[in-house]
Amino acid sequence: MNAQHKIKSLLDQLNTVIVGKEAQVQDCVACLLAGGHLLIEDVPGVGKTTLAHALSRTFGLQFSRVQFTADLMPSDLTGVSVYERGKEAFVFHPGPVFAQVLLADEINRASPKTQSALLEAMEEKQVSVEGETRALPHPFFVIATQNPHDQLGTFALPESQLDRFLMRISIGYPDRAAERVLLAGADRRDMVDTMLPLLSDEELAELQRQVLAVHTAEPLLNYVQDLIAATRSGRWFLQGLSPRAGIALVRAAKAQALISGRDYVAPDDVQAVLPQTIAHRLVPVSDAGRGAVEQVRAMMDAVPLP
């Protein structure tokens, strides 16, 4: 399988539906190739759900969608055992989490109790229901969307759950040319329904193996450690990155390198994915005067390249 040709076909198909957002689409593909979970945060109506649905269709994965609401219970996600008289036994009915791609739509509209039900699934790729552990399908991706925290009826995701997402991206408003295409063109949801799967499970697994095989040189790892140390210095953020976050950064940079056609990670790859990979895990110091993404970029500019 030619990885470059396959990845280009993935990006091209996604960009026919999500117009004018090539950088965000590439981030999504890098996240899924790296085996991570994706959080899409933005105001309603900019295409978050459409992008998540298009990703699952293009990657050819079994898809399940849950609309998170305030009354959603954990068992609505994981499933429940029901007594069946004919079998004279309790039979487990799996919930929507038993899918290769789970779209958790507007995840921050559910209560913290329901949000926490995803923690084990996202980290361990399994769920425990009524004392029994059940494995989830492979691969298993969570693509979650959330609205800004200042909107009514939202609950901020806890830090422990934010840390489970490899990347957080924001789509943003389209530019004038892209919006003209949206206004004059076909309905995006109808276009998603006609998309063809471009990967088999075996091809996706092979691409993920190629991501892991991308080389990271010693100077590059020194640069990553310098960035991690900067987050822990107390100058930029209240608390620094964990080792798990550092591993996530390297994985995302490897996926970015593969998409760029290289078998080694360059500093540009690290910088390209740094804000999306670590900003949601960090809180700027009180006198920063800027958001987490802007603070990450300022810190990145202050850390010398190898």
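Predicted model: local features only at pLDDT ≥ 70, side-chain atom pairs only at ≥ 80, totals over all residues.
How much of helix 11 is buried? The count is 12 of its 17 residues, so the rest of the structure largely encloses this helix. On the buried list are Ala-245, Gly-246, Ala-248, Leu-249 and then Ala-252 through to the end of the helix: Ala-252, Ala-253, Lys-254, Ala-255, Gln-256, Ala-257, Leu-258 and Ile-259.

## What helix 11 packs against

The buried residues of helix 11 have quite a set of partners: helix 1 (3-17), helix 2 (22-33), helix 9 (201-213), helix 10 (218-231) and helix 12 (267-278), plus strand 9 (167-169). Just past the end of helix 11, Gly-261 adopts a positive phi of about 90°.

Five of them make an open sheet, ordered 2-5-8-1-9, with parallel pairing. Strand 2 (63-67) and strand 9 are the edge strands, and each has a single partner, so one side of each has no neighbour in the sheet. On average, neighbouring strands here are turned by 15° against each other, ignoring direction.

Strand 1 (residues 38-41) and strand 8 (residues 141-146) run parallel and are joined by four bridges. Glu-41 sits opposite Gln-146 of strand 8.

## Helix 2 over the strands

Helix 2 lies across strand 1, strand 8 and strand 9, and runs at about 165° to strand 9. Both helix 2 and strand 9 also pack against the buried residues of helix 11.

Key: Residues numbered from 1 in each chain as written. Heavy atoms only, no water. Buried < 20%, exposed > 50% of the residue type's maximum accessible area, 1.4 Å probe, protein only. Helix = DSSP H or I, 4+ residues; strand = E, 2+ residues; numbered from the N terminus. Contact = heavy atoms within 4.5 Å. Pairing = 2+ DSSP bridges. Axes fitted to C-alpha atoms, helices over the stretch in contact; angles between N-to-C directions.
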